[in-house]
Amino acid sequence: MRRGKVELKRIENPTNRQVSFSKRRNGLLKKAFELSILCDAEVALLIFSSSGKVYQFASHGMDKSIAKYKREVGLPDSNNPQFRTMEFWRSEIEELKRSINTLDARLKHLSGEDILALGMRDLKQLERQLKIGVERIRSRKSRIVSDQATLLKRRHKQLKEENTQLQKRLDEAQESNISSRIVGENACSMFQQRVLQDEDLVNEAE
């Protein structure tokens, strides 16, 4: 009796679908093995089930066949150090892009932008972060004001001390000028008296 033609569509019944998968998978693996033996062909077969399991067959080694396939179609060899370096930096760039996008979104949230999509939990966390930030800013501001006030007081004290020293030096200089003037006047008077005495001696001698 001839077997009826099977309609190619997804089997809805999970049990029937699994049974059909197992049978056809085994048949496909068997055909791949026969093809490699009978025709001396290099065959590589990969099968992934709907549950994520992998089944494979490779007549000459899966890695070797995949590398050969990549060379044939012009794909870069993943075993090439240069390819690995490119993949590494590509991955790093993608990670940095994601980090930048995340930081940009957080910055907008902190400035009150794009918050419509945030839920209550996210909004509470954002509010808590803003409160902590404001407290830190106020604390830093108070510290700066206090430091500036202390610095101004210290500078005022230094200027006051310098002013006292300058005033003292000025007073000493004035006293010194007065003393010098008195000494000069006394010396001038004594010189005049000496001159007069000399004139009297001369007159007497004549």
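Predicted model: local features only at pLDDT ≥ 70, side-chain atom pairs only at ≥ 80, totals over all residues.
Phe-48 sits in strand S1, which covers residues 44-48. Is Phe-48 buried or exposed? With a relative accessible area of 58%, Phe-48 counts as exposed, because the cut-off for that word is over 50%.

Now hop over to Ser-36, which belongs to helix H1, residues 14-38. Ser-36 has a relative accessible area of 9%, and it is called buried because that label goes to residues under 20%. What does the side chain of Ser-36 reach? It gets to the backbone oxygen of Phe-33, at 2.6 Å. Leaving out residues up to four places away in sequence, Ser-36 also touches Ala-41, Val-43, Phe-57 and Ser-59.

Further along the chain, there's a record to look at. An unreviewed UniProt entry lists residues 86-113 and 149-176 under "coiled-coil region". That annotation may be inferred rather than shown by experiment, so here's how the model looks over those spans. Residues 86-113 are 89% helix and 0% strand, with the end C-alpha atoms 37 Å apart. How much of residues 149-176 is helix? That span comes out at 100% helix and 0% strand, and its end C-alpha atoms lie 41 Å apart.

Key:
Residues numbered from 1 in each chain as written. Heavy atoms only, no water. Helix = DSSP H or I, 4+ residues; strand = E, 2+ residues; numbered from the N terminus. Buried < 20%, exposed > 50% of the residue type's maximum accessible area, 1.4 Å probe, protein only. Polar contact = N/O pair within 3.5 Å; in protein donor to acceptor, adjacent residues only side chain to side chain. Contact = heavy atoms within 4.5 Å.
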